[in-house]
Amino acid sequence: MDIVNTLRSEHDRVMKLIQEFSRDERPEARRQLIMQLVQELSVHEAAEEAAVWTEVRQVIDAKLFDKVMREQGELKDVLRQAAEKREMDVSGLLTRLQDMLKRHIATEQDEVFPLITQKCDQQTRDRLGTAFMDSKNALIDRAAKLNVTMLPDEVVEQLKQRR
């Protein structure tokens, strides 16, 4: 389970959710999509930080690592804002999130992934991919066992089914 392929797949899924949001104008559908997007990105970012960045930090320069961490911090702020929104007038927030995601995904895919591919052998990339998925699944399972939702009105079990 190569980490580069795993993360590319995750990025593709998130961008599809954003496209869905843009196409579906029904308020309830939009509310559900934004909650799903916030959950998936929150779990993704937490798993990435727990399982990937510590090791990847050793193969990329400090300036690039700081850039990635800064982008992730900005994303987390926007995700918090989206999670706190009760009305469905979140299109401006989603536009900001979409722009940030595109920039962050481009940074990872255009700058970080080539370095991972170049400086980490296949075994290391597979180990990182497995560690990422294990961390992601543990986050989802832990929340499900606690019988809590990650966000209002969206049960973790629904996220678990989408894995």
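This is a predicted model: local features need pLDDT of at least 70, side-chain atom pairs count only at pLDDT 80 or more; totals for chains, interfaces and linings use all residues.
His11 itself sits in helix H1, which spans residues 3-23. Is His11 buried or exposed? Its relative accessibility is 5%. Buried means under 20%, so His11 counts as buried.

Now step back to the whole protein. It has seven helices and two strands. Follow the elements from the N terminus and they run α-α-α-α-α-α-β-β-α. The protein has 163 residues, and 47% of them count as buried. His11 is one of the buried residues. Next, look at the contacts between residues at least 6 apart in sequence. Of these, 75% join residues at least 24 apart.

Turn to a pair of helices. Helix H2 covers residues 27-51, and helix H4 covers residues 62-84. Their axes come within 10 Å. How do the two helices run relative to each other? The axes cross at roughly 150 degrees. Angles over 145 degrees count as roughly antiparallel, so H2 and H4 are roughly antiparallel to each other. Their crossing is left-handed.

Which residues make this contact? From H2 come Ile34, Met35, Val38, Leu41, Ser42, Glu45, Glu48 and Glu49. From H4 come Gln72, Leu75, Lys76, Leu79, Ala82 and Ala83. Sort the residues by class, and the contact of H2 with H4 has eight nonpolar, two polar and four charged residues. Find them on the structure. Ser42 lies on the H2 side of the contact, and Gln72 on the H4 side.

The last stop is Thr124. This residue lies in helix H6, which runs over residues 122-145. Where does Thr124 stand on accessibility, buried or exposed? Its relative accessible area is 16%. The cut-off for buried is under 20%, so Thr124 is buried.

Thr124 also has a polar partner. Its side chain is joined to the side chain of Asp121 by a polar contact of 2.7 Å. Thr124 and Ile3 are 121 residues apart along the chain. In the model, their C-alpha atoms are separated by 8.8 Å.

Key: Residues are numbered from 1 along each chain as its sequence is written. Side-chain values use heavy atoms; hydrogens and water are left out. Helices (H or I, at least four residues) and strands (E, at least two) are DSSP runs, numbered from the N terminus. Buried means under 20% relative accessible area, exposed over 50%, partly exposed in between (1.4 Å probe, protein chains only). A polar contact is a pair of N or O atoms within 3.5 Å; within protein, one must be able to donate a hydrogen and the other to accept it, and residues adjacent in sequence count only if both atoms are side-chain atoms. Axes are lines fitted to C-alpha atoms, for helices over the stretch in contact, and angles run from 0 to 180 degrees between N-to-C directions. Angles under 35 degrees count as roughly parallel, over 145 as roughly antiparallel, 65 to 115 as roughly perpendicular and the rest as oblique. A crossing is left-handed if the near helix is turned anticlockwise from the far one by less than a right angle, and right-handed if clockwise. Contact means heavy atoms within 4.5 Å. Ala, Val, Leu, Ile, Met, Phe, Trp, Tyr, Cys and Pro count as nonpolar, Asp, Glu, Lys and Arg as charged, and the others, Gly among them, as polar.
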